[in-house]
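Hi,

Here is the structure I promised to send over. Have a look at it first, then read my notes below.

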Amino acid sequence: MTAKDIGTRETTAPVRVRADGDVDEDSVAYLREKVGTALDRPGLPPASGEVRVSRASAHHVALPWSAGAEIRVGGDLVVVHAREATARELADRLHDRLRAGVERVVHRDATVRRTAVPPPWRGGPQK
């Protein structure tokens with residue numbers, strides 16, 4: 001890795017963040033940053049999609065912040081939902097779930113985890 005590779009880079013993925021309800025601009029900016037860091041990694045296929053954030057207007061709701069993301073990574077769809085008490089907690093939880101979903105999709109077909117030959121009880125060679 002060279003000095004050029006280190007640091008942040010502009011996200012080229014068209015992932016939109018939409019806000020519904022009483023959502024301030026700082027919360028949306030922090031959420032955009034967290035979604036960008038989850039999807040802005042070298043080696044990932046192009047990503048596109050939408051993240052929807054909403055805040056319940058009722059004051060008695062325990063977890064008023066909710067988010068849903070539908071993001072297409074390459075040819076696969078990653079769907080993530082989260083509910084939290086604050087906007088920062090929601091952004092952090094969404095980042096963790098989105099990153100895990102992307103990892104699952106990217107490494108689904110990895111042959112490194114598979115055995116070279118199936119065991120005998122699954123149709124492999126008999127000894």
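Before you start, one term: two strands count as paired if DSSP finds at least two bridges between them. Also keep in mind that this is a predicted model.

With that in hand, look at E3 and strand E4 (residues 76–84), which pair antiparallel through 9 bridges.

How do the strands line up overall? There are 4 of them in an open sheet, ordered E1-E2-E3-E4, with mixed pairing. Strand E1 (15–21) and E4 are at the edges with a single partner strand each, so one side of each has no neighbour in the sheet. On average, neighbouring strands are turned by 10° against each other, direction ignored.

Now the helices. Helix H1 (residues 25–39) lies across E1, E2 and E3 and runs at about 150° to E1. Helix H2 (residues 87–106) packs on the sheet as well, touching E2, E3 and E4, and its direction makes about 155° with that of E4.

Is strand E3 (residues 65–73) mostly covered or mostly open? Mostly covered: 7 of its 9 residues are buried.

Last, some side chains: the charged end of Arg88 sits over the ring of Tyr30, 4.0 Å from the ring's centre. A search of the whole structure turned up 0 aromatic pairs.

Cheers

Methods
Residues numbered from 1 in each chain as written. Predicted model: local features only at pLDDT ≥ 70, side-chain atom pairs only at ≥ 80, totals over all residues. Heavy atoms only, no water. Buried < 20%, exposed > 50% of the residue type's maximum accessible area, 1.4 Å probe, protein only. Helix = DSSP H or I, 4+ residues; strand = E, 2+ residues; numbered from the N terminus. Phe/Tyr/Trp six-rings, centres within 6.5 Å; stacked < 30°, edge-to-face > 60°. Lys NZ or Arg CZ within 6 Å of the ring centre and 35° of its normal. Axes fitted to C-alpha atoms, helices over the stretch in contact; angles between N-to-C directions. Contact = heavy atoms within 4.5 Å.
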